[in-house]
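Keep the sequence and the coordinates open while reading.

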Amino acid sequence: MKPFEFQRATDPSEAVATATADPGTRYLAGGTNLVDHLKLGITAPERLIDITRLPLDGIEELPDGGLRLGAMVRNSDLAAHPQVRSRYPVLSQALLSGASGQLRNAATTGGNLLQRTRCVYFQDVTTPCNKREPGSGCSALGGYTRYHAILGASEHCLAVNPSDMSVALAALDAHVTVLGTDGERSIPVTEFHRLPGDEPNRDTVLEHGDLITAVELPALPAGTRSAYRKVRDRASYAFALVSVAAVVDFEDDGGAGTSAGPPTFGTVRLALGGVAHKPWRATVAEEALRGAPATEENIRQALEAELAQAVPLHDNAFKIPMARNTATAVLRELATGSGTGTPTPENREQP
Amino acid sequence: MTVQHTGTAGQDLERIDGVAKVRGLAPYAYEHQVDNPLYLHPLQATISRGRIETIDTTQAQAAPGVVAVMTHLDAPRLAGTDDAELAILQSPAVGFRGQFIGAVLAETPEAARAAAALVRVEYTEEPHEAELRADRDDLYAPEQVNAGFPTDTRDGDPESAIAAAQVVVDQTYTTPFEHNNPMEPHTTVAQWVGDELVLHDSTQGVHPVRQTLAPVFGIAPEKIRVIAPNVGGGFGSKGVPHAHVVLTAMAAQRSNGRPVKYALTRQQMFFLAGYRTPTIQHVRLGADASGQLSGIIHDVIEQTSRIKEFAEQTAVPARMMYAAENRATSHRVAKLDVPVPSWMRAPGECPGMFGPEVAMDELAEACGIDPIELRVLNEPDIDPESGKPFASRHLVECLREGARRFGWADRDPQPRSRLVDGWYTGTGVASSTYPARRQTGNTARIRHDRAGRYSVQIGAVDIGTGAWTALTQIAAEALGCNAADIDLQIGDTDFPVATVAGGSTGTTSWGAAIIAAAQAFRDRHGDQPAVGAHAEGEAGENPAAQEYALHSFGAQFAEVQVHADTGEIRVSRMLGVFSAGRIINPRTARSQFLGGMTMGLGMALHENSVMDPRFGMIVNHDFAEYHIPTNADVRDMEAVWLDEVDEHAGKLGARGIGEIGIVGAAAAIANAAYHATGIRVRDLPLTADRFLA
């Protein structure tokens, strides 16, 4: 790897000022993605600013009942936090389904939001890639696309966002707090990541030098249920083929399992992972299910309507039925309160 | 002397190297302390076929910490270039993407890697081919296949037998490109001391490395010393030295006598360390309505590299597995512009027991009989291939014992009939086999160091199997002393010659030499040897191999769960029952069996090196994308064995256990997946998308 200057930030604003002034500077947090990229030659910064000592590792309750998650909170600590586990199980489950215990101990909340695609061509500097080297071409077009997008892709890039956490945050309507040279601003997670369009080198709406300082989770109404389900090629330590984050409440507030039949959905917030360049909010399905009885048929039809816009690639047509089935199962289980199948039997990592 | 089987061999001894390993004190190749080393990072071709026109190393030469950059323009000339895999940097020709085309030597590994990225290469590219397909018109029959087996065999008239059969299975099965991926990467530390080459190498055989490299460098084998006390897995990929050993030794000729260290990155291991060819297996079985086989045909298509032939012996097990009067097997090979395939985890038997053992499951269903009974029905009296009696063939006992332990009697044969908590659940079985060979050319030396203590030397290598422990036990038993009185010394060409840790031959071949040395020692020095007394012994061929067919057998059972919504597939239970002759150490043996079964699980569900033929490159070239089983994938797994001593397997009575654990495992899982879901998948790996409804 190319030699670089290393410095340690002690103040967020100073770090932002330094980084903004120098396009060759990158922030280093957990390093679980960036260090790999340095070794592989995917990126070669002149300077790294270590931000792990910044005082951004707290989790605080907000006055409105939400939670503010410091950007430097480690994934393991966030997943294990009692308030997160009890009020936002979708987030805890998503975090624990990602990476390995060792990586989660190092990876941070802010860094997880910024992890880059695992597209095999992005990760090999001997092949063209528009995301890595704008204008060089997309090797995934006509190549290996099992893990690639079925929604929102462009001719310039077929890559998917690999994060589990971000999918849960999208379904929670979380906001990202960003510090720039003009001060702090708040960006909805759903608008934080971009679709590739003709600028696939840009994963997010951040400008160079912007520093993520926190993520804010909104308060959820009483009776809200949430779950994360990840489908992958092995039982642990694999990126999602398809994942589903769902946050729902019910009009009859008791939900489930009454002898009178299925409950009626109130608000449904549904995000799909592994299918697009960003966590994919399934707004078509959400709209179709709002106020609808939570029957298998309704859920399935809503997902089919959502996925009607999907464009499968050579190796990933299966993602359409897989996403439909998985989302249907998650919503069914949230509606019936059964929960079977949400944690897979072998997934001992589920809290 | 007869070896009494009541001695220390057979005892459940802890690994004698275990404590050092868990404390990090057992040095692997890269960890040997050498003075003032240089670090190597290679240059690799980024085309699949063609030639280098220009190679500009100016920037790299000037980079900080760089001592030398070596390319085909200035590399030392090799004395022997017959082996095209090893004849690197001798010409501008490129034979496959990723091939070595140079190296940077620097004061740190980081500096070497950074400088390597500064080298600019221009090529003239020629069209390449990297995709194995059954419809290629350039498939050819190699002269022989790996391990010297005939390419084709034919007994009787299987086509006519199958045409006339009441029940026929005629299907094509495929196994993908797979990479061995031992945890310790291939690593060489090379230093020239005068005209002698010293190598700390991560290898399965120190003497084989010396024998292979001597003609390449044009020096006597005795001028090469190879040291490998601890090796972190090989699975065949370290069975022969690959090009990185040559590259490192060449670089050490340009280092002013300084040692040169090189460990392949994980990504490089997908280009340069061997792999298993993909296989396309056409299997035809003909039987009567009861399931009695009349014909077996196994035709295999596979690949090799255009620069060097390695033809896996995939169809070999079909030649001896089941009784059928009419049998034919064949291998046809495509030469592609791809890296050189090599040995990987039971070459031949492992892929070759996938297609036929799934076909047997299909035949059992077609005949309406239990798959175990089908195998019992077709059990041969003698080896169908050689006509010799089997020294020991306990396949039926393995199947019966497995059925009893696994609860097979309760099985409802109807597929897709059990849904447990949202998971379709089924069970499957397959047979396993592996030949029992003994390598000749092993010598051991025994010396009475001090009262009651013996040093035992042989150039064997423990690649993680437990050889340190098992050979100590064998030596103690042969000398009639305690294991604690043996000072075993292995992993160095300074010790007497030994063959490769491969083909499941290590323990039996090296053990035979140790037994021979012990016999020579006692013959010469008696039971009261003087301190300093010593003797050598050499093991010859196993004479019983002339009269008997020597094979191990086993039965693999699997329970598989497939999620009704998502198609996810998990192996909830595995049982292997093996007949492998005498077991020298039950603790390390169990580890080896379980390791083999786990690799079989990986073969069944995960492993798949994805070739992008446009680039001629495996694109999923790291452990995040190339999946092997994680702990969470390995659930209830059990390995047991029949209590036996094979009296035809030499004085030791053992047949070797390194590879049989993987054989048949993938077929058992595929058969269980069919029973779970009613979906017959004939192409590995079995992934969720194949089971989605």
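By class, how many nonpolar, polar and charged residues are in the lining of the largest cavity? This is a predicted model, and the answer is 12 nonpolar, 8 polar and 3 charged residues. The volume of this largest cavity is about 180 Å³. Its lining is made up of 23 residues, and the closest to the cavity centre are A:Arg118, A:Tyr147, A:Val160, A:Phe239 and A:Ala240. Searching the whole structure gives 12 cavities of 30 Å³ or more.

The next element to look at is a sheet in chain A. Three strands form an open sheet in the order E1-E3-E2, and their pairing is parallel. Strand E1 covers residues 5–8 and strand E2 covers residues 25–28 of chain A; both stand at the edges with a single partner strand each, so one side of each has no neighbour in the sheet. From one strand to the next, the twist averages 25°.

The contact between E2(A) and E3(A) can be followed residue by residue. Strand E3 of chain A spans residues 47–50, runs parallel to E2(A) and is joined to E2(A) by 4 bridges. A:Leu28 has A:Asp50 in E3(A) as its bridge partner.

Finally, the domain division. Chain A is split into domain 1, residues 5–46, and domain 2, residues 225–336. Between the C-alpha centres of domain 1 and domain 2 of chain A the distance is 37 Å.

Note on methods
Residues are numbered from 1 along each chain as its sequence is written. Chains are lettered from A and ligands numbered from 1 in the order in which they are written. This is a predicted model: local features need pLDDT of at least 70, side-chain atom pairs count only at pLDDT 80 or more; totals for chains, interfaces and linings use all residues. Side-chain values use heavy atoms; hydrogens and water are left out. On a 1 Å grid over the protein atoms alone, a cavity is a set of points where a 1.4 Å probe fits but cannot get out, and a pocket is an open set with protein on both sides within 12 Å along at least five of seven lines; lining residues have an atom within 4 Å of a point. Grid points are joined across faces, edges and corners, and a volume is the space filled by probe spheres set on the points. Ala, Val, Leu, Ile, Met, Phe, Trp, Tyr, Cys and Pro count as nonpolar, Asp, Glu, Lys and Arg as charged, and the others, Gly among them, as polar. Two strands pair if DSSP finds at least two bridges between them. Helices (H or I, at least four residues) and strands (E, at least two) are DSSP runs, numbered from the N terminus. Axes are lines fitted to C-alpha atoms, for helices over the stretch in contact, and angles run from 0 to 180 degrees between N-to-C directions. Domain bounds come from an automatic or database domain assignment.
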